[in-house]
Amino acid sequence: MFIEVLPPRIAAESADPSGDTDAGPGASDGQRVAAAPRPRRRSRAGGRGRFELAPYLYVLPATVMLLIWTYIPLGRTVGLSFYDWNLIPTVPKKPVGLENYATVLSLPELHQALWNTAIYIGAFLCISVALPVVFALVARSVAGRAKTVFQALIFVPFLVTPVATSAIWRWLFAPEGGTIPAVARTLGIELGNVFREPSSSLAAVVVVVGWQMLGFGVLVVSAGLAGISPDYAQAAATDGARGGQITWRITLPLLSPSLVFLALMTILLSAQWTFPIIDLATQGGPSGSSTNIYYLLYQFGFKNFDAGLSAAAGTLFFIGFGLIALLFVELSERLSFHDN
């Protein structure tokens with residue numbers, strides 16, 4: 001049986017003018033072909049233009065908490081920086097304009113705190129970024145249960161609270177009966193009270209905080225190493241590359257995203273890491289030798305009861321660290337190699 005296919009113009013004329021797709025039982029084969037159903041347009045409500053509320057409900061609790069605990073206090077801090085207030089609710093706030101900012105920038109205590117903070121950041125970049133790479137690479141060569149013990153010994157100090165950490169190290173560094181000064185005396189070295197000496201208080205804080213935060217860096221670096229495929233090292237070894245060349249030219253470049261993240265966290269959080277140890281062991285002294293910018297904020301606000309000065313200093317520090325974070329995020333893609 002032959003089927004006659006009509007040209008498009010004749011087929012359109014032969015179709016049912018009512019627009020019904022069914023040509024009827026008495027229609028010819030050509031009319032049936034011409035009356036084939038046309039694809040219908042998808043309604044706008046069922047397409048991509050439909051608004052989905054469910055994804056926003058998942059992030060709503062986190063967004064509310066972020067507003068309550070971060071952005072609203074930040075806005076109030078910025079507003080408070082233009083007033084003179086001693087934190088007493090019955091005392092009215094006195095508008096002072098930009099006077100608090102001018103006062104903060106002229107304080108010698110701020111300059112010393114900034115310099116100490118820079119020293120802390122430089123020291124922790126070595127302790128929290130460079131040393132974790134060494135320990136994580138050494139842990140790769142340890143097999144079996146010894147590897148687990150090795151990693152646990154490094155990470156356990158990170159789980160100790162700062163209060164307990166300060167108490168332990170103050171006991172270890174105690175001038176009378178402390179373990180570390182006693183060992184130092186056998187070597188002919190007299191340490192004295194390291195937390196009360198201007199020449200050693202900052203170094204003591206670096207040692208305590210570095211010991212505690214080393215495990216965090218090792219954890220991040222180990223996670224980055226676990227994400228690197230071993231095929232790269234095997235291929236390089238097949239081509240004759242030695243172990244040092246594989247580490248320097250393959251492992252470290254592929255580890256760069258983790259290192260950049262760790263460096264950014266160290267720069268932004270080193271002042272927070274040192275704050276509890278400073279408060280519990282040195283109180284920023286002696287003579288401000290171990291203070292940092294966060295402890296200076298605490299002194300302005302809760303020891304000197306100058307809320308406006310503390311808020312102005314906090315606003316300046318927030319802007320400074322925000323610019324550093326933006327710069328780091330911009331450079332991260334240029335400095336990082338990714339396994340694609």
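Biologist: How do the axes of helix α9 and α11 cross, and within what distance do they come?
Modeller: The axes of α9 (residues 201-226) and α11 come within 8 Å and cross at roughly 150 degrees. Axes are lines fitted to C-alpha atoms over the stretch in contact, with angles from 0 to 180 degrees between N-to-C directions. This is a predicted model, where local features need pLDDT of at least 70, side-chain atom pairs count only at pLDDT 80 or more, and totals for chains, interfaces and linings use all residues. Residues are numbered from 1 along each chain as its sequence is written, and side-chain values use heavy atoms, leaving out hydrogens and water.

Biologist: Which residues of α9 and α11 make the contact?
Modeller: Among them are V205, M213 and F216 of α9, and L255, F261 and W273 of α11. Contact means heavy atoms within 4.5 Å.

Biologist: And what about α10 and α11, how do they cross?
Modeller: The axes of α10 (residues 231-238) and α11 (residues 243-282) come within 11 Å, crossing at roughly 160 degrees. The two are therefore roughly antiparallel, a label for angles over 145 degrees.

Biologist: Which α10 residues are in that contact?
Modeller: Y232, A233, A236 and A237, which meet I246, I250 and L254 of α11.

Biologist: Switching topic: where is the kink in α3?
Modeller: At L60, shortly before the proline P61, and the kink is about 40 degrees. The bend is the angle between axes fitted to the seven residues ending there and the seven starting there.

Terms used
Helix = DSSP H or I, 4+ residues; strand = E, 2+ residues; numbered from the N terminus. Parallel < 35°, antiparallel > 145°, perpendicular 65-115°, else oblique.
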